[in-house]
Amino acid sequence: MSNDNKPASSASKRLRQVSSHLALPADYADVREQIQTLRTIAATPDTSRRGYVRQKQAGKLWVRERLEQLLDPDSFEEIGSLSGTVTWEKTGPMREKPVSFIPSNNVQGKGKLRGRSVLLTADDFSLRSGHADGASAGKTIYLEKLALALKLPVVKLVDGSSGGGSVTTIRKEGWSYLPYVPMFHQVIRQLNEGIPNLGAIVGPAIGLGAARVTACHFSVMAADVGALFNAGPEVVKGATFEEGLGFQDLGGPMIHCTNGTIDNVAANEAECFEQLRTVLSYLPDCGRYNAPPVIASDDPEDREDESLRRIIPRKQTRMYNPWTIIKSVVDRDSFFEIGSLWGRTAISGLARLGGRPVGIISLNCEVNSGALDAGGSQKLARLLKLCDVMNLPVLQFVDVPGYAIGTIAERTATMRWGIELAKAYFSTTTPIFSVITRRAYGVAGGVMLGARDPHTQVAWPSGQWGSLPLEGGIEVGHRHELREAEKEGKKAERYAELEEEYRRLMNPVRTANAFGVEEIIDPKDTRKVVCGWAKHVYEGLMQIRLAERAAGRIQPVFT
């Protein structure tokens, strides 16, 4: 009897299963409703949540407000919009609904900056301060891999540890983990392929967050809310017994924007975003395959500036404003300085010549007479490597008395970093054009001018060069003669005679007579000369360089 009922029981069970399936919407409306519910929760701030309140009290934007301000309107396409922790409630057979959702504290996706497609990752500090126990590590690694696959720039808005560790992770998982940073495999490849990595510190960048933004090609810190440190004040207190430290004391802009850890400082988050847009406008999507973007320019390439004839003082010890020369020669309003608060013996940045992006190098005679110190050498080396991976030609204005000297220079390892600069000059291959505005002395002058063969350069009538500047050089070269003259009370007279003779022999025209310098130009014509060079690089040499890079015969390295 029981065997007779078995087929009927199976049939009933099957009928119930079919009925339950038939009860589900054919258009998957139930699933789509779940998706929409989760997305709505993620996109709507919980103003009662402690983390959100703290975010606003600190004067910071919420993560999705940042996306709205940074990206072109309606251009953001989120990746991983449903990732996070969900509490589900069963509402019927094969039916459930989300009753609570804590989104991943790292928002990622694709968007546009002034029409340019970019990938973007942004921390949500209001959820577990950006720590790993509120994140999905797979999202971060996926985006880094995606940048390599799509050859698209990556923008990183760091506010917190950016997926870094927290001790609560140990409690949650039940075991302690080795702190690998697997995404750095992809990051290093991006940096060397010339896939722009642009980072902004829009809150406290801690541990892994600090590392991620510092690794970028370009980084900027919001002065009002930004800070960067390896560990926060409480951890520092326990390790070094330094008490009472605030975020700004430990790693604010006056520390990390003046020591070279972070390139630039901005007044606030909005200015950070504008700097990111500006820097990207000079860079290709991927330097391995693309040239920098050329734009139309209404600034005539043959524009003359007669004031440049008088900008270099005849008295050698007097200073001048080097930014005046840069801004006169490049396209109007196109110069964007990088690292203005550190390595101040040198000036570095990006600009355009006839709409064509170039890197800019100059010495700053107003700081230590322009003698390259450790910081200045590091800054210029970094810019050279950036230009090399991004295919940016480099225009440099040379007025260098040599490497910095004295006890401070020796203690700060000036020669060590000076040679690192030399390595950067001689290992990079991007074209360099030199305008010798005044001095070119010593190893530093030789490094800057001699790294390309043949060198492409012009000099101004104010140019002077040699192994040593006359100041001090005469004393060294004529020590015995001057001592003998001193015995007769004629040292000053003999020194003046020697100085007059050397200055006559150092007339730059004499160097040109011997073809020691290829050409001396009228300073007013500088823009026309360098624009012609930039045009040839972009129209004649750029495609050759790109082919060489694609074939692997040129392999620039930023790291």
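This report covers salt bridges in a predicted model.

Local features need pLDDT of at least 70, side-chain atom pairs count only at pLDDT 80 or more, and totals for chains, interfaces and linings use all residues. Residues are numbered from 1 along each chain as its sequence is written, and side-chain values use heavy atoms, with hydrogens and water left out.

Side chains of opposite charge can pair when their charged atoms come close. A salt bridge here is a side-chain nitrogen of Lys or Arg within 4 Å of a carboxyl oxygen of Asp or Glu. The count is 33 salt bridges. Among them are these pairs:

| Pair | N to O distance |
|---|---|
| Lys151 and Glu193 | 3.0 Å |
| Arg382 and Asp263 | 3.2 Å |
| Asp399 and Arg439 | 2.6 Å |

Helices (H or I, at least four residues) and strands (E, at least two) are DSSP runs, numbered from the N terminus. Buried means under 20% relative accessible area, exposed over 50%, and partly exposed in between (1.4 Å probe, protein chains only).

Lys151 pairs with Glu193. Lys151 sits in the loop between helix H5 and strand S6, and Glu193 in helix H7, so the bridge ties together parts 42 residues apart in sequence. Lys151 is partly exposed at 22% relative accessibility. Glu193 is buried at 9%.

Arg382 pairs with Asp263. Arg382 belongs to helix H14, Asp263 to the loop between helix H11 and strand S10, 119 residues apart. Arg382 is partly exposed at 23% relative accessibility; Asp263 is buried at 3%.

Asp399 pairs with Arg439. Asp399 is in strand S14 and Arg439 in strand S15, so parts 40 residues apart in sequence are tied together. Both residues are buried.

A salt-bridge network links Asp299, Arg303, Asp331, Arg332 and Arg527.
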